[in-house]
Amino acid sequence: METRANHVLIGLFTIIVAILGVLFALWAANWTSNRNWDNYDIIFTEAVTGLSTGGIVQYNGINVGEVRRLSLDPKDPRKVIARIRLSSDTPVKVDTKAKLAFVGLTGVAQIQLTGGLPESPRLEGTPERPVPVIMTEPSALQNIALAAGDIAERVRLILSDENVERITGVLEDVKQLTGTLAAEKQEIAALIANLREASGEINKTMKQVQGSLGTVDREVIAKMPALVEKLDRSLANLDKATGNANAILGDNRQAIADFSQHGLGQVGPTLTELRVLVRDLRRVSSRLDQNPAGYLTGKTQPEEFEPK
């Protein structure tokens with residue numbers, strides 16, 4: 001009888017726990033449904049591979065919502081519209097950006113929200129578009145794809161027909177040059193040998209020049225004391241002569257002053273008389289040369305008889 005009573009108690013306890021679990025689940029579902037949510041649209045211009053309905057939406061690494069619906073833009077099928085649901089207390093600003101982020105190596109994608117300055121206004125809907133649209137930025141995969149496309153375009157430009165033709169010409173010139181060098185290798189070897197020999201001669205000449213300069217420098221240095229001594233004596237003699245000249249000028253300063261005031265005035269007439277005297281002497285000398293006797297006796301030179 002006691003065993004049957006124990007089984008009844010265990011069964012009753014199990015039923016009560018099950019009922020409580022169901023009630024808790026109903027309460028949690030009701031709480032979740034009554035929670036305030038805000039809907040936003042995100043328009044992607046790239047493929048959303050790995051993203052699905054119910055996907056996680058994070059804001060700076062924190063779960064703030066989920067993906068509710070994915071659809072193509074009816075006006076532009078190249079775009080994908082993702083309808084997301086965020087908790088109402090999520091601070092979505094006008095400068096908040098959304099991008100795809102991939103979790104690990106599984107290929108599962110989620111939406112990552114970033115940005116939003118404190119002073120920026122909150123993102124709100126408009127009468128034309130009641131559901132606000134969050135701006136997007138390229139994902140890492142899209143950046144890699146764009147970079148790869150840019151690299152491919154650059155490679156295509158580099159390997160254009162014109163550049164390939166130029167490269168072919170350069171290679172042909174290099175081939176001809178190497179062929180010419182191979183044919184003239186003996187002459188090149190001789191040229192290199194001559195250059196080495198010339199370099200040796202130049203080094204020898206430089207050594208000789210350096211030795212000569214050293215000898216000249218030593219000779220000049222050896223003569224420097226005697227030259228300096230002579231220069232000192234010359235400067236001393238010049239200084240002495242200058243002192244004597246100053247002394248003479250000091251002693252005869254009055255006589256020089258008198259001569260400059262009175263004597264210089266008589267120099268001019270004296271020079272004039274000397275010029276006249278010299279001119280008269282020249283005239284007398286000329287007459288003596290022409291007719292000495294006539295000049296001394298006062299008679300002119302007799303005329304010579306010329307027979308007719």
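Visitor: What percentage of the 308 residues of the protein count as buried?
Guide: Buried means under 20% relative accessible area, exposed over 50%, and partly exposed in between, using a 1.4 Å probe and protein chains only. Here 15% of the 308 residues count as buried. Keep in mind that this is a predicted model, where local features need pLDDT of at least 70, side-chain atom pairs count only at pLDDT 80 or more, and totals for chains, interfaces and linings use all residues. Residues are numbered from 1 along each chain as its sequence is written, and side-chain values use heavy atoms, leaving out hydrogens and water.

Visitor: How many helices and strands does the protein have?
Guide: Helices (H or I, at least four residues) and strands (E, at least two) are DSSP runs, numbered from the N terminus. The protein has six helices and seven strands, and along the sequence they read α-β-β-β-β-β-β-β-α-α-α-α-α.

Visitor: What do the strands close into?
Guide: Strands of a sheet pair through backbone hydrogen bonds, either parallel or antiparallel. Two strands count as paired if DSSP finds at least two bridges between them. In this case seven strands close into a barrel, ordered β1-β4-β3-β2-β6-β5-β7, with mixed pairing.

Visitor: Which way do β2 and β6 run, parallel or antiparallel?
Guide: Strands β2 (residues 56-59) and β6 (residues 108-115) run parallel, joined by three bridges. Look for Q58, which stands opposite Q112 in β6.

Visitor: And where is L12 found?
Guide: L12 belongs to helix α1 (residues 2-34). With a relative accessible area of 47%, L12 is partly exposed.
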